[in-house]
Amino acid sequence: MAEEITLSIDTVTGEYTRLTRFLPGADTSSFGGKTHAYPEEVFIVSGRLYDQAFDCWLEAGDYASRPPGERHGPFKTDVGCVVLEVSFPNRVMG
C-alpha cells in the first residue's frame, strides 16, 4: 500500500525527514485517523491524497503544517502519491 524511506534523522532531537509513496488505490481506512503529540509538515510531491479528517484532496504542490494533536487521515489515493514529511518529535505538547 505504501513505501517509506527516511532521508535524514537527527539522533539527538529525533527530528526526521521522510518520503512516503502511496501506491495507486491505497486506502488506510482500516488504520483510522491519527494524531501525535508533535508537529509535522507535509508537502505533496506528486499525485494526490485524500485526507478524510479534512474532507479534501491534497494535490501535487500542496503543503500542510500540522500542529501537535491535530487529527489527520485516514488517507486514500486513486492515482498514487509521493509525500515529503518533516516531523519534530522533540517538540511535544506540554
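This is a predicted model: local features need pLDDT of at least 70, side-chain atom pairs count only at pLDDT 80 or more; totals for chains, interfaces and linings use all residues.
Residues are numbered from 1 along each chain as its sequence is written, and side-chain values use heavy atoms, with hydrogens and water left out.

**Exercise 1. Find which residues are linked with Glu4 in a network of salt bridges.**

Step 1. Start with the criterion: a salt bridge is a side-chain nitrogen of Lys or Arg within 4 Å of a carboxyl oxygen of Asp or Glu.

Step 2. Look at Arg18, whose side chain meets that of Glu4 at 3.5 Å, N to O. Arg18 belongs to strand 2 and Glu4 to strand 1 (residues 2-9), so the pair ties together parts 14 residues apart in sequence. Strands here are DSSP runs of E with at least two residues, and helices are runs of H or I with at least four, numbered from the N terminus.

Step 3. Compare the accessibilities. Buried means under 20% relative accessible area, exposed over 50%, and partly exposed in between (1.4 Å probe, protein chains only). Arg18 is buried at 15%, whereas Glu4 is exposed at 55%.

Step 4. Complete the network: Glu4, Arg18 and Glu85 are linked.

**Exercise 2. Work out which parts of the chain Asp78 and Arg48 link, and which strands Asp51 and Arg66 lie in.**

Step 1. Asp78 forms a salt bridge with Arg48, with the closest N and O atoms 2.8 Å apart. This pair links distant parts of the chain, 30 residues apart: the loop between strand 6 and strand 7 holds Asp78, and strand 3 holds Arg48.

Step 2. Both partners count as partly exposed: Asp78 at 40% relative accessibility and Arg48 at 23%.

Step 3. Now turn to Asp51 and Arg66, whose closest N and O atoms are 3.8 Å apart in their salt bridge. Asp51 sits in strand 3 and Arg66 in strand 5, so parts 15 residues apart in sequence are tied together. Asp51 and Arg66 are both buried.

**Exercise 3. Locate the cis peptide bond and the non-glycine residue with a positive phi of about 50°.**

Step 1. The cis bond joins Gly73 and Pro74, with omega about -5°. Pro74 is in the loop between strand 5 (63-66) and strand 6 (75-76).

Step 2. The positive phi belongs to Asp55, which is in the loop between strand 3 (40-51) and strand 4 (56-59). Asp55 counts as exposed, at 59% relative accessibility.
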